[in-house]
Amino acid sequence: MYLVGLTGGIGSGKSTVAARLAELGAETIDVDAIAREVVEPGGPALDGLVARFGADILRPDGSLDRPAMAALVFDDERARRDLERLTHPHVAARIASRIAELSARDDARPDDLIVVDHPLLIETDQMARFDAVVVVIASEETRLARLEADRNITPEDAKARMGVQADDERRRAVADHVIVNDDGLDELNAQVDAVHAALLDAARARH
């Protein structure tokens, strides 16, 4: 298996790229989805979060109130580090388990691509875990417009969220492939298709 880390800032279109790679045959692992799973009721991280932050982070049904949790940690670096300490190991364990499952399949091949769609790949310094890193970038103007239209996030909130993520200069510095998503879907898909072909070539060359 050839392990690919896919990352990009909020509003960059990373999820669209992941979906296209899946259409082309890559196996994809959605780290955002895993992060939600580990804090579900009965999940491995929720009790620790309640012990650290209190029951006010829970909804009446016992599930995590994600906006309340986000508000607690957004401007508090110590709280954010505690959140990461209590959740990231569980997320990493599930990613590793999923990779192992895919690698152990009877029909697995050395040149199969496993794409880990990870929004905090760079921020958590996990680049070395991957055979290749793909970064999706877009201008701030484009990202702000997408976030306002698609997620109803105000420009002020969007800029605040961008501010706690790695910037594009840092992303470019660690990328093996950069996809620029400022134009339409056809242009994006053309770039993704080219990157997919390059990843396949690299996977086959290694074996």
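Visitor: Does Asp-117 count as buried or exposed?

Guide: Happy to start there! This is a predicted model, in which local features need pLDDT of at least 70, side-chain atom pairs count only at pLDDT 80 or more, and totals for chains, interfaces and linings use all residues. Residues are numbered from 1 along each chain as its sequence is written, and side-chain values use heavy atoms, with hydrogens and water left out. Buried means under 20% relative accessible area, exposed over 50% and partly exposed in between (1.4 Å probe, protein chains only), and at 5% relative accessibility Asp-117 counts as buried.

Visitor: Which side chain meets that of Asp-117 in a salt bridge?

Guide: Side chains of opposite charge can pair when their charged atoms come close. A salt bridge here is a side-chain nitrogen of Lys or Arg within 4 Å of a carboxyl oxygen of Asp or Glu. For Asp-117, the N to O distance is 2.5 Å and the partner is Lys-14.

Visitor: How many residues apart in sequence are the parts that Asp-117 and Lys-14 tie together?

Guide: Helices (H or I, at least four residues) and strands (E, at least two) are DSSP runs, numbered from the N terminus. Lys-14, at 7% relative accessibility, counts as buried. Asp-117 lies in strand S3 (residues 113-117) and Lys-14 in helix H1 (residues 14-23), so the separation in sequence is 103 residues.

Visitor: Where does Arg-206 lie, given its salt bridge with Asp-131?

Guide: The closest N and O atoms of Arg-206 and Asp-131 are 2.8 Å apart. Asp-131 sits in the loop between S3 and strand S4 (132-137), 75 residues away in sequence, while Arg-206 lies in helix H9 (residues 185-206).

Visitor: Which residues do salt bridges with shared partners join into one network?

Guide: One of the pairs is Asp-111 with Arg-109, with closest N and O atoms 3.5 Å apart. Asp-111 counts as buried at 14% relative accessibility, whereas Arg-109 is partly exposed at 48%. The network joins Arg-109, Asp-111, Asp-112 and Arg-204.

Visitor: What is the relative accessible area of Glu-141, a member of the negative surface patch?

Guide: Patches are made of residues with over 30% relative accessible area and no salt bridge, like charges being joined within 9 Å and nonpolar side chains (Val, Leu, Ile, Met, Phe, Trp, Tyr) within 5 Å. Asp-182, Asp-183, Asp-186 and Glu-187 form this one together with Glu-141. Glu-141 lies in helix H6 (residues 140-151). Glu-141 is exposed, with a relative accessible area of 67%.

Technical notes. Accessible areas come from the Shrake-Rupley method with a 1.4 Å probe; for residues, only the protein chains shown count as cover. Lys and Arg count as positive and Asp and Glu as negative; His and the chain ends are not counted. The place of a charge is taken as NZ of Lys, CZ of Arg, CG of Asp or CD of Glu.
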